[in-house]
Amino acid sequence: MSCDRDAGYGDNGIKITGLSVELGGRAILSGVSFDAAPGSFLYVIGRNGAGKSTLLKCVAGVTGGYKGELLVGGQEVSSLSARDRARRVAYVPQGSPGDVPYTVSDFIEMSRYPWRGIASEADDRRAVSGAMELTGITAFAGRRISSLSGGERQKAMIASAIAQGSGIILMDEPTTYLDYAHQVETINLMARVNREHGVTMLVVTHDVNLAMGFSCKIVAMSGGRVEWTGPPSGLLEPGWLNRIFGVQFDRYSSGRDGELPVLVPERAAL
Amino acid sequence: MSSVGRSFAETMHRRFSALAAPGFNVIKATLLFFLPLAVILAAPWIGVRLISPADVFSWGVGFADSAEARIFWQLRVPRVVLAWCAGAAFGLCGMVFQALFRNPLAEPSLLGVSSGAALGAAVSIRLGLASGGLGVVAAAQGSFLRSLATPACAFAGAVLAIAIISAFARMARGASDATLLLAGVAVSSLFSSLIMVFQYTGGAVETYKLLSWTMGGISVVGMGEGLKAVPSLFITLTLALCYATELDLITFGDEIAATRGVDLERMRRLLFAGMSLSVAMVVANCGPIAFLGLIAPHVSRRIAGPRHRLLAPCTAAVGGTALVVCDTAARTVWAPADLPVGIIISFLGAPFFMWLLFAPRRR
């Protein structure tokens with residue numbers, strides 16, 4: 001991880017200043033500001049409806065009409081063409097595509113679309129096979145996406161984002177619908193992509209333990225605003241977790257040295 | 001498009017190197033090429049009167065000058081050409097609409113385009129602009145203009161329908177595709193009610209002409225008329241092939257397509273306009289042939305798989321061939337009457353489609 005690298009916003013940094021979005025007359029985001037250094041790993045946490053997903057969609061260019069400054073690799077998102085944007089930012093939406101009839105390899109090949117006419121065919125092939133190997137889905141490359149399990153689909157989605165070859169990958173709740181084994185696999189995969197390929201990762205989650213376990217910076221949102229940013233350990237200072245999530249947390253030591261405690265939401269006595 | 005000059009050959013190679021798609025093999029590809037060809041070559045000889053090659057080609061002279069030869073060249077061949085191009089264009093429009101609206105039921109007639117054209121035709125028939133037929137004696141010198149009147153009005157009607165739907169789409173920016181589809185259904189039923197007013201209040205002759213036109217029929221005189229659907233086929237096939245990957249991506253939803261670099265707004269505008277205009281041109285000449293735009297892409301998906309660069313030519317082949325076969329049946333089964341081909345399409349198409357829906361699917 002390269003938390004301490006200077007945020008030069010060269011190729012794959014993100015810089016957000018005073019970002020505000022209104023949808024249907026309601027303010028979804030108001031004055032969001034933070035930045036992600038090139039090659040860093042950020043988690044955006046918060047309750048449902050805190051504006052996390054909208055934030056991600058703005059960076060991905062899916063939600064337009066924002067106010068403020070939103071730079072990816074030094075370029076304003078709204079000024080980029082769809083293809084230019086896709087070469088910089090890949091996006092893995094929440095959930096997975098429904099009943100699509102395409103095979104896994106078809107889908108991953110399609111992610112090379114923004115490079116059409118720029119990358120050579122050999123580049124495309126290398127990117128596709130590389131992404132499939134990294135995610136370990138080569139074995140079911142020929143299967144239809146609609147026939148895959150949830151965990152396999154998520155891997156195919158991540159492979160497609162990797163094959164897209166952009167320096168920034170955005171993920172919306174990547175582990176929410178997965179079993180424990182697939183959660184761990186997905187987390188390790190994200191870490192590898194970040195470490196080995198220098199891809200800037202911006203991951204949205206409401207799972208505080210996931211965010212505490214592996215990240216160099218956490219952005220905590222609440223009510224469309226950034227409530228708190230900092231390294232994971234800072235989140236343990238009294239009061240913050242309650243303000244962000246609206247519940248008290250019990251802390252349990254994992255028993256291993258140097259690891260942050262595991263947080264379990266406090267339940268009312270039954 | 002900077003990529004055009006740079007690597008046209010490479011792009012073309014990539015587009016057409018998909019013959020290795022799973023489930024698609026050399027046998028299927030050969031069948032897809034030769035079956036339509038055989039149908040096209042065989043259809044003109046079949047009809048009320050079977051024509052033998054000896055009637056058309058005579059030794060030494062080349063082309064014979066017989067009544068059969070005239071029927072062959074002036075009526076049968078143009079009719080087959082028109083039917084093939086129209087069927088292919090209908091099929092491709094259905095394919096593109098199904099992808100754009102992410103709805104397996106989307107087809108030209110569902111979007112109001114066909115009924116718009118029918119309304120235009122109804123207006124022209126009611127105003128007495130239509131040519132030929134029962135009781136309407138067209139003055140000799142005016143007959144050419146009169147022959148254009150119904151297609152022109154039908155075209156105008158189709159364009160009106162497109163304009164209404166597009167305006168609605170612009171107004172309800174961000175409305176879902178389902179909303180747009182429903183708007184098409186609303187426009188369609190509004191126009192249909194107006195057509196019924198014309199049908200109910202018209203005289204027997206007008207009503208008959210209108211009714212037979214709305215059933216869809218292909219009848220042409222001369223090669224010039226036979227080529228009228230060629231531009232439609234050209235437009236639909238070119239657009240479908242150029243936007244093949246975009247159509248694939250949009251199947252995964254707007255978010256995935258947009259974040260993979262597809263300019264959704266531009267694509268929608270261009271495809272919607274191009275397809276609708278092609279449909280309007282075809283409907284103006286052949287009447288609203290329902291069902292073909294729905295059935296041809298579904299059959300083709302079974303044969304060629306979901307990827308549009310392969311699906312598009314396959315859909316064209318299936319749609320064109322289906323319409324030629326049905327049209328040949330239309331002018332043969334009830335001979336000497338010339339049934340509207342729309343009847344045959346629905347009669348044969350409906351059970352076939354049911355079978356397609358319920359037949360066990362190979363995985």
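How many of the six residues of strand β3 (residues 41-46) of chain A are buried? The legends below take up this question and then turn to other views of the predicted model.

**View 1. Burial of strand β3 of chain A in the predicted model.** Strand β3(A), spanning residues 41-46, is mostly covered, and six of its six residues are buried. Phe41(A), Tyr43(A) and Ile45(A) point one way from the strand. Leu42(A), Val44(A) and Gly46(A) point the other way, and the residues of both groups are all buried.

**View 2. Pairing of β3(A) with β8(A).** Strand β8 of chain A comprises residues 200-205, and β3(A) pairs with it in the parallel sense over five bridges. Within β8(A), Leu202(A) is the bridge partner of Leu42(A), a buried residue of β3(A).

**View 3. Pairing of β3(A) with β9(A).** Strand β9 of chain A, residues 217-222, runs parallel to β3(A), and the two are joined by five bridges. Here Gly46(A) has Met221(A) of β9(A) as its bridge partner. Gly46(A) points the same way from β3(A) as Leu42(A) and Val44(A).

**View 4. The contact between chain A and chain B.** Chain A contributes 26 residues to the contact, and chain B contributes 24 residues. On the side of chain B that touches chain A, at least two residues each come from α1 (3-16), α11 (244-250) and α12 (254-259) of chain B. The most are given by α1(B), with five residues. Sorted by class, this side of chain B holds nine charged, eight polar and seven nonpolar residues.

Technical notes
Residues are numbered from 1 along each chain as its sequence is written. Chains are lettered from A and ligands numbered from 1 in the order in which they are written. This is a predicted model: local features need pLDDT of at least 70, side-chain atom pairs count only at pLDDT 80 or more; totals for chains, interfaces and linings use all residues. Two residues are in contact if their C-beta atoms, placed from the backbone, lie within 7 Å. Helices (H or I, at least four residues) and strands (E, at least two) are DSSP runs, numbered from the N terminus. Ala, Val, Leu, Ile, Met, Phe, Trp, Tyr, Cys and Pro count as nonpolar, Asp, Glu, Lys and Arg as charged, and the others, Gly among them, as polar. A residue is buried if 20 or more other C-beta atoms lie within 10 Å of its own, exposed if 12 or fewer, and partly exposed in between; C-beta atoms are placed from the backbone. Two strands pair if DSSP finds at least two bridges between them.
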